[in-house]
Amino acid sequence: MAAFPGSLAFDEYGRPFIIIKDQDSQKRLIGIDAVKSHILAGRSIANTLRTSLGPKGLDKMMISCDGDVTVTNDGATILKMMDVDHEIAKLMVQLSQSQDDEIGDGTTGVVVLAGALLEQAEVLLDKGIHPIRIADGFELAAQKAVAHLDTITDSFPVNKDNLEPLIQTAMTTLGSKIVNKCHRHMATIAVQAVMSVADLEKKDVNFELIKVEGKVGGKLEDTMLVKGVIVDKDFSHPQMPKVLNDVKIAILTCPFEPPKPKTKHKLDVTSVENYKELRKYEQEKFSQMVQQVKDAGATLAICQWGFDDEANHLLLQRELPAVRWVGGPEIELIAIATGGRIVPRFEELSPEKLGYAGIVRELSFGTTKDRMLVIEECKNSRAVTIFIRGGNKMIIEEAKRSLHDALCVVRNLVVDNRVVYGGGASEISCAIAVAEEANKISSLEQYAFRAFSEALESVPMALAENSGLSPIDTLTDMKAKQIQEKNSALGIDCMLKGTNDMKVQNVIETLQSKKQQILLATQLVKMILKIDDVRSPGFD
């Protein structure tokens, strides 16, 4: 009885009633009011993102509480940085995030679709249809739409000799991003990076082998793909050579310093002789460590920890170039790329544990003193680095997000090479198929089917609106053409190229992404429609 919400009491006639604790300080929404409140919250989030959809979508500027500015039109990033209080609005944020985690693209589209479904659900609720019947109808309609997508797909063989279809798909993804003025260049880099690390037999792509680095300065066109690793460090001594060839690399996680006793005993130096002996011991130890690295055959030492000027000077004297303070993830990537082993103690160094690289060179940038190391022609050529240049930090961060989307899309094509056509073409085709199915249904669910069909049309309408076209005129024209010509590749001509055939325009999206959008949006809307009672603590 400890968890009982109130206390039992009896009136003067002996009839029992329950007095619920703190009822006056709680807020409660019941029934249709609760559902409509949730629909309003979800729609407001969707309307925020609606203007960011498509190649002509607008960017949002997000300013954090620390004053950091982010300019982006990536749906997942916008929602992640929004300060959202409402519980249902938080669910919309998670919806976008799960699309980003699973597919990497379509994060704006999935929220716009969910918002449109909620809008249609509100109309059906006003007609007096029960929320459960609406939710079940939406679920059946989503299954019909997904099944229809399978009938309008195209596929192409993914091979390393013909990268053009992959590049065209990556260009579609990058078309709405800030990098779109050089999106052919960026798309080619993304495709080459994925194909370098892809295992086409297993249809698997290991993203851990792709590192994305950025450096302020230069322009976006200077972005390049390095078949190796770039580390944001330089050689430990300015007089060390700037270019090394046929390098054998010792990858160390032990510091260049004399071993310290692990007990808490103090060592008192009471005379000059003692001090000289200690200095001599240190020098011998430094010399021994450097000699152990040299004896193993290493021509470059990469160390996770730092070392002092004395060790640095000794390394220069012994002609052993070194790099210090290299972070853990970089150390691991260098080990994978060069085929070396990470060595925790100098005593364990041996020739077979060394990594190999054809060239290690130092990059310098303009008039700044910034330096970066490039490790190329590695033993394992599958490890690659995308090196992004840009006018400022904000552009580089947005370029990183854009390339992440492109990499994910190419990865999805390696896993499943089926595609549908973009520009709202697949949504219009699904909307027509779902509306036709509605006419065959005799039960109440036919209303939900028609509503689902209208919700699917919100994506091409948003694309047309953001491109400065008349949304309703453009949509009705495309629907009529798709039915007349039986061509499911007809979509919105956002770039005003003079043709609505997305096959000709090469506007391509992955089937996996489109299916996921429809299923995730439907699941969320179904969940929201099933909530009819909300209790929350009231705050004065």
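**A walk through the predicted model**

Let's start with Ile 63, which you'll find in strand 4 (residues 60–63); strands here are DSSP runs of E with at least two residues, helices are runs of H or I with at least four, and both are numbered from the N terminus. What you're looking at is a predicted model, so local features need pLDDT of at least 70 and side-chain atom pairs count only at pLDDT 80 or more, while totals for chains, interfaces and linings use all residues. Residues are numbered from 1 along each chain as its sequence is written, and side-chain values use heavy atoms, with hydrogens and water left out.

Back to Ile 63: with 58% relative accessibility it counts as exposed. The scale runs like this: buried is under 20% relative accessible area, exposed is over 50%, and partly exposed is in between, using a 1.4 Å probe and protein chains only.

Now for something tucked away. Thr 108 is in helix 4 (residues 107–126) and is buried, at a relative accessible area of 8%. Leaving out residues up to four places away in sequence, Thr 108 touches Leu 49, Ser 52, Leu 53, Asn 73, Asp 74 and Gly 75, where contact means heavy atoms within 4.5 Å. Gly 391 is 283 residues from Thr 108 along the chain, and their C-alpha atoms are separated by 26 Å.

Helix 6 (residues 164–174) is mostly covered, with 9 of its 11 residues buried. Among those buried residues are Leu 166, Ile 167, Met 171 and Leu 174. The cover over them includes helix 7 (183–197), helix 11 (393–415) and strand 20 (508–510).

On to the charges. Side chains of opposite charge can pair when their charged atoms come close. A salt bridge here is a side-chain nitrogen of Lys or Arg within 4 Å of a carboxyl oxygen of Asp or Glu, and by that rule the count is 24 salt bridges. Glu 348 and Arg 345 make another bridge, at 2.6 Å from N to O. Here Glu 348 is partly exposed at 28% relative accessibility, and Arg 345 is partly exposed at 48%.

Some bridges join up. Asp 150, Asp 416, Arg 418 and Lys 515 are linked in a network of salt bridges. Within it, the side chains of Asp 416 and Arg 418 meet at 3.1 Å, N to O. Arg 418 is partly exposed, with 31% relative accessible area, whereas Lys 515 counts as buried at 19%. Lys 515 is in helix 17 (residues 511–529) and touches Val 146, Leu 149, Asp 150 and Arg 418, not counting residues up to four places away in sequence.

A charge can also meet a ring. The charged end of Arg 411 sits over the ring of Phe 207, 5.0 Å from its centre; the test is NZ of Lys or CZ of Arg within 6 Å of the ring centre and within 35 degrees of the ring normal.

As for ring against ring, Phe, Tyr and Trp rings (the six-membered one for Trp) pair if their centres lie within 6.5 Å; planes under 30 degrees apart count as stacked, over 60 as edge-to-face, and the rest as tilted. That rule gives 2 aromatic pairs. In the pair of Trp 305 and Trp 325, the ring centres are 6.5 Å apart and the planes are at 80°, so this one is edge-to-face. The pair links distant parts of the chain, 20 residues apart: Trp 305 is in the loop between strand 13 (300–303) and helix 9 (309–317), and Trp 325 is in the loop between strand 14 (322–323) and helix 10 (328–338). Trp 305 is partly exposed at 42%, and Trp 325 is exposed at 51%.

Last stop, the backbone. Lys 486 has a positive phi of about 50° although it is not a glycine. Lys 486 lies in the loop between helix 15 (471–485) and helix 16 (502–505) and is exposed, at 74% relative accessible area. Asn 506, another residue other than glycine, has a positive phi near 60°. Asn 506 is in the loop between helix 16 and strand 20 and is partly exposed, at 29%.
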